[in-house]
Number of protein chains: 2
Amino acid sequence: MTMSATMERQDQQGGLAWPVTAALRALAMDAVEAAKSGHPGAPMGMAEIAAVLWRSVLRHDPADPRWPDRDRFVLSNGHASMLLYGLLHLTGYDLPIAELKRFRQLHSKTPGHPEYGMTPGVETTTGPLGQGLANAVGMALAEKTLAAQFNRPGHTIVDHRTFVFMGDGCLMEGISHEAASLAGRLGLGKLIAFWDDNGISIDGKVEEWFADDTPARFRAYGWQVLTGVDGHDPAAIAAAVALALAATDRPTLICCRTTIGRGAPTKQGHQDTHGAPLGAEEIARARAAMGWTHPPFHVPADVYAAWDCRPRGKALSADWATRFAAYAAAFPELAAEFERRLAGDLPEGFAAAADAALAAETAAGSVATRKAGQIALAAFAKALPELIGGSADLAHSNLTIHPGSTPVTRDPAGNQIFFGVREFGMSAIANGLALHGGFVPFVATFLVFSDYARNAVRMSALMGLRVVYVFTHDSIAVGEDGPTHQPIEHVESLRLIPGLDVWRPADAAETAVAWQAALARRDGPTALILTRQALPPQPAEGLADLPVTGARVLVGPADAVATLVATGSEVRIATEAAAALAAEGVPVRVVSMPCVERFEAQPAAARAALVPADRPVVVIEAGTTRGWRGLAGPSGRVIGLDRFGESAPEKDLLKLFGFTAAAVAEVVRETVGAAA
Amino acid sequence: MTMSATMERQDQQGGLAWPVTAALRALAMDAVEAAKSGHPGAPMGMAEIAAVLWRSVLRHDPADPRWPDRDRFVLSNGHASMLLYGLLHLTGYDLPIAELKRFRQLHSKTPGHPEYGMTPGVETTTGPLGQGLANAVGMALAEKTLAAQFNRPGHTIVDHRTFVFMGDGCLMEGISHEAASLAGRLGLGKLIAFWDDNGISIDGKVEEWFADDTPARFRAYGWQVLTGVDGHDPAAIAAAVALALAATDRPTLICCRTTIGRGAPTKQGHQDTHGAPLGAEEIARARAAMGWTHPPFHVPADVYAAWDCRPRGKALSADWATRFAAYAAAFPELAAEFERRLAGDLPEGFAAAADAALAAETAAGSVATRKAGQIALAAFAKALPELIGGSADLAHSNLTIHPGSTPVTRDPAGNQIFFGVREFGMSAIANGLALHGGFVPFVATFLVFSDYARNAVRMSALMGLRVVYVFTHDSIAVGEDGPTHQPIEHVESLRLIPGLDVWRPADAAETAVAWQAALARRDGPTALILTRQALPPQPAEGLADLPVTGARVLVGPADAVATLVATGSEVRIATEAAAALAAEGVPVRVVSMPCVERFEAQPAAARAALVPADRPVVVIEAGTTRGWRGLAGPSGRVIGLDRFGESAPEKDLLKLFGFTAAAVAEVVRETVGAAA
């Protein structure tokens, strides 16, 4: 390392001419200018904070971005992506300058917002404000729980921190309340958040719409709050970080007063630096102010050397590897289990657990699928210690608490999280648990309140995370609680999220298969749509194929004149209607289609083998019809509900809205008659 | 009024035997028991708070529930509906005991959660936690703004308060942060919230998951916070309310320590009282403890008399009517305008404003539809002073700020709200503005972040409120910001919400029509889906009919062999493809369908006149395809996007994903060829 004495002094004193930060600022300005779009303001405003954290504090190994015991870093203000790309590039990750030159271009490793899986060192996809903070809470919880599960006296193999940057926008979002409140209650002492307190959001000076006493607010959550930190003073930042590292019983918020776009002589401190290129003239002036004489995208060798975190990172990860080897020698089974958990592989007992789940469901008989979900969860939890999760204050309604549940508040090695009434925070925390590794998270609420969590569900899908969403009370059959609690558009609406598998099982056995499919899936999230009310068991034919087919034939007379396709609780109605129709000489096929995504992923011939193209199709689902009209086609019908429900007992509503075997049979008669 | 001396003393001292509260508790127990479902815990825990507020403080007239200057009451913990029904019944609203006996039954006026429009005196639909608080913030803001717009020296015709009850669940929800933070900044001094601090939520003692110092948190928002109030002591409650009424510069939170299910001897203080009937035995014991010897649903005359708010209410509303008459004499035009605004009627100049908007759009030429939205908004705002709204920190991106905008923070009579980065709170506040009356609210964010606000949009639709949602940056054409900011499933997902009109205009003129339709609609909300990028103007044919037809023919050769249906920015691509196809002898029809809901509301013949049933249909929309497959039918095709986008310039993405005239023309050729 060849670092000048001047630069070493500036490591303490900072200043605009500090080459370390000038490099970050210049790269941000240059990349945004080259892309003709992007956000220079936050990267320039947070350069000193980032430099102190990444060069001296963050325990990371640029050569091994997946090193299990690395500190996690989350850029919750994801629009500041060029700050992160600059950091990754300068500290030595596999992100060459050519990629920075292609900022925001097609198939570059430097997309407009950081994307998990696209860029080494990016721990989560951010941009939708507030969610990064919640992801970080999930990561910190994962660290704490994993440490309690795997560390042994004299063998500390899990011991890292989670750092998060966030701006005013994150703090205005409601999810910041949910996540910070729970983090405080859980005492996540290794979570350290930096607030980029620049007083500016997109519409201008935040004082016009955001006048919270944020330090007081976070103290009210039980956080350590460090105020009055000059976010451009390396020594002040380092001193605050030292206090944050020392507090191990609660999370820390470091309030850093900064100037947005710092270094841009005429624009800094103004919202115009937030989300648009500074322009050639302003950039030239900024370069002059920083004494940065280098052309765009050029960083001199001594600055690279000052930033290079590879030697320190290699030492850190090598030390860990040595310690892990000692751990593996002392606890070979634990070490193997740790490696399995971190790799995301299912345990050897998974197939047996699935068999046990199915057997338990069969024994259960007629139960609500939420109850069947609990039965399956209990069976899988025995074999999968990586299962961790809970409900947003509905554990005994969603039935996501099971005999093996131990609250993390009572036992740090526990597996049950009481999330409180915080659906959005819960879901984004689950994403953080999944991103950290070592866990398969599940979360639960009423289906209608999936709305509250919707963008976090989307983020699970966008990142391809194995998160299981348990959404119960799935239709108007909720009954008396009325339209605020009765999902109508929700099942179909979830199906529209790319990459999310939506399972709506028809009985207990299908519920076990759905849980199995959700756990076996490595590349994305699953929503389990479960009933409040009991459903009778259906025949077992085709159950085992469901993870591939997404659908199965329950009633299949050779001479069927029509096909009834149903999901979930409406399958029972379909089979009853089919029995009535058969009795009067109208044979119909009944198909249960718990997972449309898996059905549609099949070749056309396989789909036609389940739902023949040459006979009328009647679809039954107690929800919006629009999504099913393609399958029903012009000769078919969709029996659904394109209006809100009512508050009344279940049976009255099913009758009112035509979800009875008699009403379905009548529609089939009409459809067959029209086709004949 | 014949009230015993004992009862009068108990008005000060309370106690379980206080007949006023015993009646409320008994009615809640009885109704839940009769319905075999419901929530007795909160009604019983908040009985004293409710009695003090409704009998002595709330300025309401049971005989005239729509009296404009009444105080507003919001039950944010909507599961406590029987508390509200009991209050309405006992104070003299048109809600007879027969309706309480039919609690939660089909078509009763006493649904499981309070529903706006179903029951006199219910000001908003609640149940989804936290939103009631935000509705109340909207109501309080409406009062403050309406007062500033209409009151004149010596003539105070708008002067009422908004009271809200909320539980721990509301306070855990993120939306409580958004709403309370903004309420503090706006200094809504007439907003008074009661926190039912009973330490219990559904999963048990909240201390396990909710350990906030809530008073400190609300002080951090700038609220007056009154702590240590015994929520079962009428005198303590009254004293706190007096302090709340006196603070006119900021909202007040009254923290009331209560016991959930108070009066149920063995179950009180436990979560079991929350959401299930107490059972006959416990109810009998509670009756004994309260000295309440009456049979179910029976309230003695002297208790009715003690509750009767009709005489006081009549005096209050009559006094207001007298004052309003004097106001009308002094300011006849203002008074007429006030009455028009409260009635929700559009002004006489509405049609002219619509013409002006359309003319301005025509003059604008090729603009982004977000810009066209701003042009229309500016034109309508001149004629509609009831238009109030703003953006969640994207005013200059959504283009919802216009030349007539005045921030409510600078001028209390203003019309522009800087909501901050608070999409969910913003939308629920808009519902409150609409519910209050006198305003037509609009709110804005990026379409992708409609996810954050989704359940509030649903609540607008469920309540049938005229709220205009402006969702811009509506497709992958957002470009460089990448998949976190590119809507895919959102347009279709909004279409699934019953009662919500979704408009995706193809050009500036259609945008003006969409705004016009949104404002003219009295019975529900509208989402305007607008582009970031410029779109060329399309022919004017059929524009005027769009509010009825939802679709129009842009290219209509008599011999068309196929129909291209497109929305929004894809209409341009469809017309270009049609031109290319026409040049090679393949005549196709092009239909712009900005509003599917209006199209589908038409008779089949009218729909077929626009989209002929006998020719192949190709639909183009840069979003999920599932919803369109019905219209396309088995012989047609849907050109859409069932995966997430990418970060890249717009033109690269449109090419990558096949949204070019050449790619569309090729699909049409294939489709026509297959059909031939």
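Begin by selecting strand β17 of chain B: B:Ala562, B:Leu564 and B:Ala566 point one way, B:Thr563 and B:Val565 point the other way, and all are buried. The model on display is a predicted one. The strand spans residues 562-566, and five of its five residues are buried, so that β17(B) counts as mostly covered.

Then select strand β19 of chain B, residues 617-620. Four bridges join β19 to β17(B), and these two strands also run parallel. Here B:Val617 stands opposite B:Thr563.

Turn now to the aromatic rings, of which the structure holds 40 pairs over all chains. Select B:Phe165 and B:Phe194: their rings form an edge-to-face pair, with 5.4 Å centre to centre and 75° between the planes. The pair links distant parts of the chain, since B:Phe165 lies in strand β2 (residues 162-166) and B:Phe194 in strand β3 (residues 191-197), 29 residues apart. B:Phe165 is buried because its relative accessibility is 0%, and B:Phe194 is buried with a relative accessible area of 0%.

In chain A, select A:Phe150, A:Trp320, A:Phe324, A:Tyr327, A:Phe331 and A:Phe338, which ring pairs link into a cluster.

Finally, return to chain B for two arginines. B:Arg55 lies over the face of B:Trp307, 5.9 Å from the ring centre, and B:Arg341 lies over the face of B:Phe439, at 5.0 Å from the ring centre.

Notes:
Residues numbered from 1 in each chain as written. Chains lettered and ligands numbered in written order. Predicted model: local features only at pLDDT ≥ 70, side-chain atom pairs only at ≥ 80, totals over all residues. Heavy atoms only, no water. Phe/Tyr/Trp six-rings, centres within 6.5 Å; stacked < 30°, edge-to-face > 60°. Buried < 20%, exposed > 50% of the residue type's maximum accessible area, 1.4 Å probe, protein only. Lys NZ or Arg CZ within 6 Å of the ring centre and 35° of its normal. Pairing = 2+ DSSP bridges.
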